[in-house]
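Student: I have a structure open and some questions about it. Can we go through it piece by piece?

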Amino acid sequence: MTAGLGCSICNIAEPRTDLEAKFSLRATAAFALLGLDTSGLQAWGRGVDPDVVAVRDRVRVELVPGRGLSDAEVRLRLRDGTELRRGHDSGVPLADKQAQSRRVREKFLALSEPVVGPGRAQALADALAKVDALGSLAALLQL
């Protein structure tokens with residue numbers, strides 16, 4: 001991650017509220033290590049839970065100059081000294097376009113269902129999937 005934009009927006013080292021946790025690389029890493037799903041809004045209500053904070057406090061973030069904002073590498077050191085590494089650039093779409101579309105739709109539904117309800121969220125997702133074929137945005141706006 002480049003030091004700059006990512007450093008000032010999403011690097012709240014010790015969030016004091018659930019909302020701040022959403023903008024904390026350390027808290028997000030803790031969520032992942034604990035297996036908490038961050039695609040929906042409900043998970044972020046646990047941002048300052050003691051179990052999340054305990055894991056978060058063991059996470060160190062290093063911003064690497066020249067690395068893209070969506071590119072990250074995670075290194076996990078186990079108690080026996082073994083180091084696991086995995087990198088991923090979330091800015092690169094999947095080669096399988098159907099799988100990419102499914103992931104985007106699932107995330108859209110996870111975020112929109114609690115706000116507008118499952119029926120309206122599904123209708124919005126369906127309309128957005130064929131937005132190019134809509135004659136106008138009026139139908140979309142009505143949803």
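Tutor: Start with arginine 103, which lies in helix α5, residues 97-116. Keep in mind throughout that this is a predicted model.

Student: Is arginine 103 buried, partly exposed or exposed?

Tutor: Partly exposed, at 48% relative accessibility. The cut-off for exposed is over 50%.

Student: And how far is arginine 103 from alanine 138 in space?

Tutor: The C-alpha atoms are 26 Å apart, and the two residues are separated by 35 positions in sequence.

Student: Now helix α3. Which of its residues are buried?

Tutor: Helix α3 covers residues 25-33, and its buried residues are Arg26, Ala27, Ala30 and Phe31. They sit on the same side of α3, because they span an arc of only 140 degrees around the axis.

Student: What do those buried residues pack against?

Tutor: Against α2, residues 18-22, and α4, residues 50-56.

Student: What comes after α3?

Tutor: Glycine 35 follows α3, and its phi is positive, near 75 degrees.

Student: Which residues make up the largest nonpolar core?

Tutor: There are five: Ala30, Phe31, Ala43, Trp44 and Val52. Ala30 and Phe31 are also among the buried residues of α3. As background, nonpolar side chains in soluble globular proteins tend to be buried together.

Student: Take tryptophan 44. What is it in contact with, leaving aside neighbours within four places in sequence?

Tutor: Tryptophan 44 is in contact with Asp18, Ala21, Lys22, Thr28, Phe31 and Thr38.

Student: Back to α3 for a moment. Where does leucine 33 lie, and how exposed is it?

Tutor: Leucine 33 lies in helix α3. It is partly exposed, with a relative accessible area of 47%.

Student: Different topic. How many salt bridges are there?

Tutor: The count comes to eleven, taking a side-chain nitrogen of Lys or Arg within 4 Å of a carboxyl oxygen of Asp or Glu.

Student: Which residue does aspartate 57 pair with?

Tutor: Aspartate 57 forms a salt bridge with arginine 26, and their closest N and O atoms are 3.7 Å apart. Aspartate 57 is in the loop between α4 and β1 (71-77) while arginine 26 is in helix α3, so the pair ties together parts 31 residues apart in sequence.

Student: How accessible are those two partners, aspartate 57 and arginine 26?

Tutor: Aspartate 57 is partly exposed, with a relative accessible area of 44%. Arginine 26 counts as buried because its relative accessibility is 12%, and the cut-off for buried is under 20%.

Student: What about aspartate 49?

Tutor: Aspartate 49 forms a salt bridge with arginine 46, with the closest N and O atoms 2.9 Å apart. Aspartate 49 is partly exposed at 24% relative accessibility, and arginine 46 is partly exposed at 29%.

Student: And which residue does aspartate 71 pair with?

Tutor: Arginine 67, with the closest N and O atoms of the salt bridge 3.2 Å apart. Aspartate 71 counts as partly exposed at 21% relative accessibility, and arginine 67 is partly exposed with a relative accessible area of 25%.

Definitions and conventions. Residues numbered from 1 in each chain as written. Predicted model: local features only at pLDDT ≥ 70, side-chain atom pairs only at ≥ 80, totals over all residues. Heavy atoms only, no water. Buried < 20%, exposed > 50% of the residue type's maximum accessible area, 1.4 Å probe, protein only. Helix = DSSP H or I, 4+ residues; strand = E, 2+ residues; numbered from the N terminus. Arc of directions from axis to C-beta. Contact = heavy atoms within 4.5 Å. Core = buried A, V, L, I, M, F, W, Y, C linked by side-chain atoms within 4.5 Å.
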